[in-house]
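Colleague: I am new to this structure and would like to learn how to read it. Could we go through it together, one feature at a time?

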Amino acid sequence: MTRNRGIWLVLLLVAFATVGLSFGLGRSGTRPDRVWGTRGVQPGDLARPRAMAIDPRTGHIFIVDFTARIQEYDLDGNHLGQTWTTPDFRNGRPSGLGIDRDGNLLVADSHYHCVRVYDHEGKELRKLGGEGGRLPGQFGYISDCVQDAEGNYYISEFGEVDRITKLDVDGKFVAVFGEAGQRPLQFSRVRALALGPDGLLYIADACNHRIQVLTRDGGFVREFGTPGSAAGQLHYPYDLAFGPAGDLYVIERGNQRVQKFDPTTGRSLGIWGSGGRNPGQFAEPWALAVDRFGRVHVVDTENHRVQRLKF
């Protein structure tokens, strides 16, 4: 009798775990603490959101979606009224957002070969690039841009060229590094960049299913991640961001999950999420950002919403 009870207990625990995952428990065993967003084109609505950035000074969230609208929200998803678009989006929409050292918004205007810098009211302050081509200082499809504390910009491209260009604080060409391929310092669809607290440049090398780490002068430091779905493996990493404790969070479009890493060793520290429509599940997530409280905000693209979680 005791043995039968033990068997039933195991079966109940397995069933609970299965139900928990189907109803939105992340692999970490926790539910999202907030899910927000309504599919639509009215102010505050989202239509296939593509990129996100959080201003660490104000805590305001900026999101660009498939309609090319850039909208501003607070950390709970309340729309703050600001909505604008890039000057032209007939060729395509922006696909990367970042915050510069002055708190301005960096918009990777991907199909127009430039990065646009906006204030929080949507006023364009400057433009980096704008001329398409392969030569140094020219750009193809721009996926992301970050700025370091010294004012240097790092701009990633893929498609016609796979590389990262460094510009100085005035937007003048400094260096270019990387090329297409699978070896160190070679890229296949760089989707996003992040500057680590160690001063190194972290790169979501999406189609190589890995993270590459470089110095800010383009020197190879290390890489981690191999193709797959096990802990420590990656499947189309599309965005990455550091938390206040120095942990690295990576969104995987292919595995439809968030993974937390020790950035120095590349060791997986946790996995959260699965594919689906319920809270705690994702449909082709494209982006994420981490706020000052350590909460991870995930752009759940094909579910037209944002989910907030904490590991």
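Colleague: Are arginine 210 and aspartate 205 buried or exposed?

Modeller: Both of them are buried in this predicted model. The cut-off to keep in mind is that a residue counts as buried under 20% relative accessible area. The side chains of arginine 210 and aspartate 205 also meet in a salt bridge, with 2.8 Å from N to O.

Colleague: How many salt bridges are there in the whole structure?

Modeller: A search finds 20. Some share partners, and in this way Asp33, Asp76 and Arg308 are joined into one network. Another salt bridge links the side chains of arginine 163 and glutamate 157, at 2.8 Å from N to O. Here too, arginine 163 and glutamate 157 are buried.

Colleague: What are the accessibilities in the pair of arginine 116 and glutamate 124?

Modeller: Take each partner on its own. Arginine 116 counts as buried because its relative accessibility is 9%. Glutamate 124, at 32%, counts as partly exposed. Their salt bridge has its closest N and O atoms 3.3 Å apart.

Colleague: Let us return to arginine 210. Which way does it point from strand 18?

Modeller: Follow the side chains along the strand and see which way each one points. Arg210, Gln212 and Leu214 point one way from strand 18, while Ile211 and Val213 point the other way. All of these are buried, and strand 18 is described as mostly covered, with five of its five residues buried.

Colleague: Which strands pair with strand 18?

Modeller: Look for bridges to other strands. Strand 17 pairs with strand 18 in the antiparallel sense over five bridges, and leucine 201 has leucine 214 as its bridge partner. Strand 19, residues 220–224, also pairs with strand 18 in the antiparallel sense, over four bridges. There, glutamine 212 has glutamate 223 as its partner.

Colleague: How many residues lie between the strands in these hairpins?

Modeller: The hairpin of strand 17 and strand 18 has four residues between the strands. The hairpin of strand 18 and strand 19 has five, and glycine 218 in its turn has a positive phi of about 90°.

Colleague: Which residues other than glycine have a positive phi?

Modeller: Histidine 209 and leucine 185 are among them. Histidine 209 has a phi of about 55° and sits in the loop between strand 17 (201–205) and strand 18 (210–214). Its relative accessibility is 11%, so histidine 209 counts as buried. Leucine 185 has a phi near 65° and lies in the loop between strand 14 (179–180) and strand 15 (186–187). With a relative accessible area of 25%, leucine 185 is partly exposed.

Colleague: How many bridges join strand 10 to strand 11?

Modeller: Six bridges join them, and the two run antiparallel, with strand 11 covering residues 153–158. For one place to look, find aspartate 144, which stands opposite serine 156 in strand 11.

Colleague: Stepping back, what does the secondary structure of the whole protein come to?

Modeller: It comes to one helix and 28 strands. The radius of gyration is 20 Å, close to the 19 Å from the globule rule for 311 residues, so the protein is as compact as a globular protein of that length. Its C-alpha atoms fill a box of roughly 80 × 45 × 30 Å along the principal axes. Of the 311 residues, 54% count as buried.

Colleague: Where is the pLDDT below 50?

Modeller: Start with the overall picture: the average pLDDT is 92, and 91% of the residues score at least 70. Over residues 6–25 the pLDDT is below 50, and this stretch has 18 contacts in the model beyond near neighbours in sequence. Where pLDDT is low, the predicted coordinates should not be read in detail.

Terms used
Residues numbered from 1 in each chain as written. Heavy atoms only, no water. Salt bridge = Lys/Arg side-chain N within 4 Å of Asp/Glu carboxyl O. Buried < 20%, exposed > 50% of the residue type's maximum accessible area, 1.4 Å probe, protein only. Pairing = 2+ DSSP bridges. pLDDT = per-residue confidence, 0-100. Contact = heavy atoms within 4.5 Å. Rg over C-alpha atoms; globule rule 2.2 N^0.38 Å.
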